[in-house]
Every structure is written in structure tokens, then in C-alpha cells.
Amino acid sequence: MRTQVAIVGAGPAGLLLSHLLHTRGIDSVVLESRDRTYVERRQRAGLLEQGTVDVLRASGVADRLDREGLVHHGLELRFGGTGHRIPLTDLTGRTVTVYAQTEIVKDLIAVRLAAGGDVRFEAEVLAVDSGTPSVTYRQNGETRTLECDVIAGCDGFHGVCRPAVPGLRAFERGYPYGWLGVLADVPPSTEELIYCHHERGFALHSLRSPSVSRLYLQVPHDDDIARWPDERIWDELRTRFAVDGDWELRDGPILEKSITPMRSFVAEPMRHDRMFLAGDAAHIVPPTGAKGLNLAVSDVTVLARALTEWYKSGSYALIDNYSDICLKRVWRAEHFSYWMTTLLHTDPSQDAFGHRLQRSHLDYVAGSQAAATMLAENYVGLPL
Ligand SMILES: Cc1cc2nc3c(=O)[nH]c(=O)nc-3n(C[C@H](O)[C@H](O)[C@H](O)COP(=O)(O)OP(=O)(O)OC[C@H]3O[C@@H](n4cnc5c(N)ncnc54)[C@H](O)[C@@H]3O)c2cc1C
């Protein structure tokens, strides 16, 4: 068996790469360890930078996104019982769009299969050889080898591709908190996202659609979801989101809840021989800046361009610069995600001096156009 590009992982990075390559006449096979239903239901990110929407639209996979996505022009910073709007579009001329990662994954799988694309589910990659190059995987109890020109390691943080890179340098930072994420069958109590700092911890009011809310609570990183019955979640959300005026948090049935630890991580370089790492396989950001999915999209956009140039003209110029081009954007997103996280979360080890500095920083971002513009520019995403 042989293909041009063997793609490990059918998350947004792997599926979009396969689609972009197809539009440029390059063959690929996507190998995914999970089944299709699992991949299409996994609840994750939901906020798209304008650049991400532009890439999906330009590649012809944004029909449903254009119909159902919710375009946002601002966000709210809430602290000290007061809300402060950051007018993203007024400050940057750009927008963000709420459209769940699960929906992007469904759209990409549908478009690949409709075009006769080769996406193999329940095909777990066991080993990659970036020199040959080839990929060994198991499907239906059989072990097979797929030979290729190039391997794209799009297999997320816990995949097999990154560990196969010798001499890779890792940069990492942990946080003493995680996010309890809730999907609730209730119309959102807000039209724009609310990022809330409270002495009891951070909270985020996001949304999935006009009828489904997505809410998050900062919890200790080792907390147990069994300690969070639904009533406790709503009580805590109400306490943290309390604000002057008559705003109220609507509650409703909780469809899903889970706790995710937070981590910053970057692996350098993102290329080894004929293998290229993309998305969470190469880097992780805490979700406060909503950058994880957007970085996956920017990585594979660069990779698709580089591979196209190589196949069409034999030029290594972009391929050789792939890692450097991506890492520049990755580190900007890493800094912004770290900055948003430390600005908004309550660090249990922070002393009174640290709390005063944090509050001063929040006041500054809310009150200074220059500081708000810095937030807005990074949040809507720098041009690809
Ligand atoms: C629980 C959770 C919540 C998140 N919430 C947010 C959020 O609110 N906002 C935000 O911006 N980002 C969020 N993120 C981050 C965002 O979802 C990721 O950045 C995004 O999924 C990255 O896409 P990817 O394709 O690189 O990796 P993934 O989506 O992880 O896809 C990797 C794929 O590879 C497959 N795979 C792994 N190993 C193998 C193997 N050996 N063989 C074959 N296939 C394999 C996996 O099953 C998976 O389908 C969240 C992440 C997690 C884990």
C-alpha cells in the first residue's frame, strides 16, 4: 500500500490537511484510532479566528459554518461585579465565529468521504518511520504498513508521532488549576462570551448555538467530577458571574461535564526527516485564549502550501521553513494564552500583593484602548 501523504489522526488538523491536499491534487490516507461516531461527538473547542473561517471558506467547506456559525464582534471581561466590553471589531476590523469543533470535524469527514477520500477509522497507528517513510497500523486485527512520501503527525498530544522524533526539545508549563466544562441544554444568557475573574476562581460563559450553552469553571487541577453535582455547578456559576444590575444566569439540564487539566507545551522542531508535526501533536495551550483549534488550522495551512510547492516544483524552500514559520505563530499564541490565563484565573498560591497587581492589570485592560487592542488583536488572530 502506498500514498503520497500518510496522515495520522482524524482531528481537525488531519482532516483539514487531507482536504486541502485533495483540492491541490495530492493524495492522502487518514488513519484514525477511534471510530467515526466518537470522533464526531468529542466536545472540544468552539471559537474560530477570522483567519480560520477564511481558510475553511476558501477551501469550500464552510457552507454550514456560514449558515449556523455565530459571528461575534466583542467579548465581556467581568470582574469586581462589573462587566467591561472589549469591542473586538471596532479595535481590529476583524471578527470571531462561534462554531463547534465537532461540527467542523463532521463537515470535513463528510466532504472527504463525498470526494472519495480515504479516511480509515479504528485504524491505530503503532509506529512511524520518518526515514523510509512508512506508517505501521492495526485495523480489524491485522497489522499493515502504509508507504508514503511524507508523514503528517496530526495525532494530538498523546499520539505516537512526536515520541518518535529523536532529540526533540520540549518546553512546558503546568498550572495549579483545570477547567470544569459544562454543556447545557439552555439558551445562553449572553450574546457575547463573558470571561469572568472572581476571587473564587475564573468562569467563562460561552455558547454552542442559540439553544445550547457552554460554561466553564476554574477548579483545582486534580479535582474529581464526582464532587460536582449539577446543582453545585449552577450555584458556583451564579456566584462567580454575579454582576451589578438585573442580569441573570439561566440554568437547565446539563448534557455533559468533564474536567480538563491545563498545560502549555511546545515541541521543537516540528519537522524530522519526512515527518511533519501539526496541531496538538506539537503544541498545547491552555484554552483561555481559544487558540488550540486555530493553531491546528494554521499549521496545516502552511503544511499544505509547503507540500504543494514541493510536489509541483520540487522546491524545498517552504518545506525547510515549515517549522520556523509555524513556531513563530505558535509562540505568539502560547504567550497570549498564558497571559489570558494568568490575568483571569485565581492562583491559590498568590499573595495579597499579587492579587492587587492582577486587579490593577484587569483595570488597565478594561480602561485603556491600547491594552484592550493588544487583547483584541491576539484574540481575533493575527493574519496567517
Ligand atoms: C478536552 C479538551 C477540551 C478542549 N477545549 C478547547 C477549547 O475550549 N478551546 C480551544 O481553542 N481548544 C480547546 N481544546 C484544544 C483543541 O480542541 C485542540 O487544539 C484541537 O483538537 C487540536 O486538533 P488536532 O487535530 O491537532 O488534535 P486532536 O483533535 O487531538 O486529534 C488527534 C486525533 O489523532 C487520533 N490519534 C491519536 N493517536 C493515534 C494513533 N496512534 N493512531 C491513529 N490516530 C490517533 C486521536 O484519536 C484524534 O482523533 C480542547 C482540547 C481538549 C482535549
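How are α10 and α11 oriented to each other?

1. This is a predicted model, in which local features need pLDDT of at least 70, side-chain atom pairs count only at pLDDT 80 or more, and totals for chains, interfaces and linings use all residues. Residues are numbered from 1 along each chain as its sequence is written, and side-chain values use heavy atoms, with hydrogens and water left out.

2. Helix α10 spans residues 352–367 and helix α11 residues 369–380; they pack at about 90°, with axes 5 Å apart. Helices here are DSSP runs of H or I with at least four residues, strands are E runs of at least two, and both are numbered from the N terminus. The axes are lines fitted to C-alpha atoms over the stretch in contact, and angles run from 0 to 180 degrees between N-to-C directions. α10 and α11 are therefore roughly perpendicular to each other (65 to 115 degrees).

3. In α10, Y364, V365 and G367 meet Q369, A371, A372 and L375 of α11 (contact means heavy atoms within 4.5 Å).

4. Around the ligand are 32 residues, of which E32, R42, R44, Q101 and D280 come nearest (a residue is near if one of its heavy atoms lies within 4 Å). α1 (12–23), β9 (123–129) and α8 (292–313) each supply at least two residues of this shell.

5. A polar side-chain atom of D280 lies 2.7 Å from a ligand oxygen atom. An N or O atom in the side chain of R44 is 2.8 Å from an oxygen atom of the ligand. At S33, a backbone N or O atom lies 3.1 Å from a ligand nitrogen atom.

Definitions and conventions: Polar contact = N/O pair within 3.5 Å; in protein donor to acceptor, adjacent residues only side chain to side chain. Parallel < 35°, antiparallel > 145°, perpendicular 65-115°, else oblique.
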